[in-house]
Amino acid sequence: MDHGYDTHGATHSKLVICDRDGNVVASAKGPGTNHWMVGIPEVAKRIDTMTRDAKAQALIPETHRLSAMGLCLSGAEQDATNRELENYLKTHYPDVAERYMVGSDTVGSIATASNVGGMVIISGTGSNTLLRNPDGSTYGCGGWGHMIGDEGGAWWISKKAIKTVFDHQDNFARSKLCVERVWELIQAHFGIKTRLDLLDHCYAKFCKPTYSGLCSKLAKCALEENEPLCRKFFEEAGQMLARSVCALSPRISPALISQCGEVDIVCVGSVWLSWELLEPGFTRELENAKFKYDLKLLKLTNTMALGAAYLAADTFDLELPRDYSKNYEVFYGHRAVLNGNGANGSANGGSNGTAKTNGATNGSSNGSSNGTNGTSTNGTNGK
């Protein structure tokens, strides 16, 4: 039996176990597994706990080591720390697995949809964009956390809303759109009355997920009330996400285009649930930058733990059947604008428009491998 294990980086994690036919036979959930936030010892402990839970579901003895485990985690971009995590697991939790493949959540997301390559844009609490070419080379844009970036993510949208209100009320940068409704949403979300009351949430009691939670209220207001300023925040977020795609354009390998005919982009994270709001800014940025490749935006329909599983299986030459077409849906298509001609395509057919379904996934990551037992892990939601 093969096991796939998945963790979701900054906020939550998921583990799955797959059999040799690629079927998921058990799953478990847990807290975040970004080592920059909780440390390698705690990440290893959480992996062990989820593995035990999944083994129990699959009626596998706790002492039976999985043949391989794929770990695709938020924050796992450096070989040195990845090896440190692997060694820590082998030393302190020897019953988890025989061997490990450790990589980033971004790579795991792409691997869920294709073994050729493509892009992933994570826009959850934070944001991160990664390109993977057919030769295995990877290039990133963003993923630096809220102190440096996170453009287009929930934290960035929430911070932009708060900053807009503060600047307007300070007469520092007056908003052309009314800020009153946004201020009401801020007050309700944080349970405050004055701007001074908010400082605790920004500094002494800062909690990134809580701070970022304002984003969902802004999205609801934009959709249900058609509130202009809320809509503007998401339009600008869409622009930032498309800009990260354009930034990686020079790195796209000709081999990727020749094999795929276009750039497939996996969209991960809760902000993509608001695609209707993101779309105007996203498409305008592509057109203004004259992005020269056709592209499609994909929504994963299966957990990203499968991508970690595929990577683990491929790393250790283990056979793991897979059907990539069952792991995603296309929700938007964009045709390159060449010589003044071109059109944006939709998943429902036609040369213009967007799919009627929103492209979004709330980061979950997974993995699996073959042999007696195998596992893998993934993580998402930026940093």
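**Entry 1: R181 and E184**

I looked up R181 and found it partly exposed, with a relative accessible area of 27%. I take buried as under 20% relative accessible area, exposed as over 50%, and partly exposed as in between, with a 1.4 Å probe and protein chains only. E184 also counts as partly exposed, because its relative accessibility is 42%. R181 forms a salt bridge with E184, and the closest N and O atoms are 3.1 Å apart. The term salt bridge here requires a side-chain nitrogen of Lys or Arg within 4 Å of a carboxyl oxygen of Asp or Glu. The two residues, R181 and E184, are three residues apart in helix α6 (residues 180-190), so about one helical turn separates them. Helices (H or I, at least four residues) and strands (E, at least two) are DSSP runs numbered from the N terminus.

**Entry 2: the source**

I note that this is a predicted model, in which local features need pLDDT of at least 70 and side-chain atom pairs count only at pLDDT 80 or more, while totals for chains, interfaces and linings use all residues. Residues are numbered from 1 along each chain as its sequence is written, and side-chain values use heavy atoms, with hydrogens and water left out.

**Entry 3: further salt bridges**

I recorded 18 salt bridges in the structure. One of them joins D48 to R52, with the closest N and O atoms 2.8 Å apart. Both D48 and R52 lie in helix α2 (residues 40-57), four residues apart. D48 counts as buried because its relative accessibility is 10%, whereas R52, at 35%, counts as partly exposed. D48, R52 and E62 are linked in a network of salt bridges.

I then examined K296 and E262, whose side chains meet in a salt bridge at 3.5 Å, N to O. This pair links distant parts of the chain, 34 residues apart: K296 is in strand β9 (residues 295-300), and E262 is in the loop between α11 (254-260) and β8 (263-268). K296 is partly exposed at 32% relative accessibility, and E262 is buried with a relative accessible area of 17%.

**Entry 4: helix α12**

I checked the length of helix α12 (residues 275-288): at 1.5 Å a residue, its 14 residues should span 20 Å, and its end C-alpha atoms are 19 Å apart, which agrees. The expected span is 1.5 Å times one less than the number of residues. Among the buried residues of α12 I list W275, L278, F282 and L286. K290, which follows α12, has a positive phi near 55 degrees.
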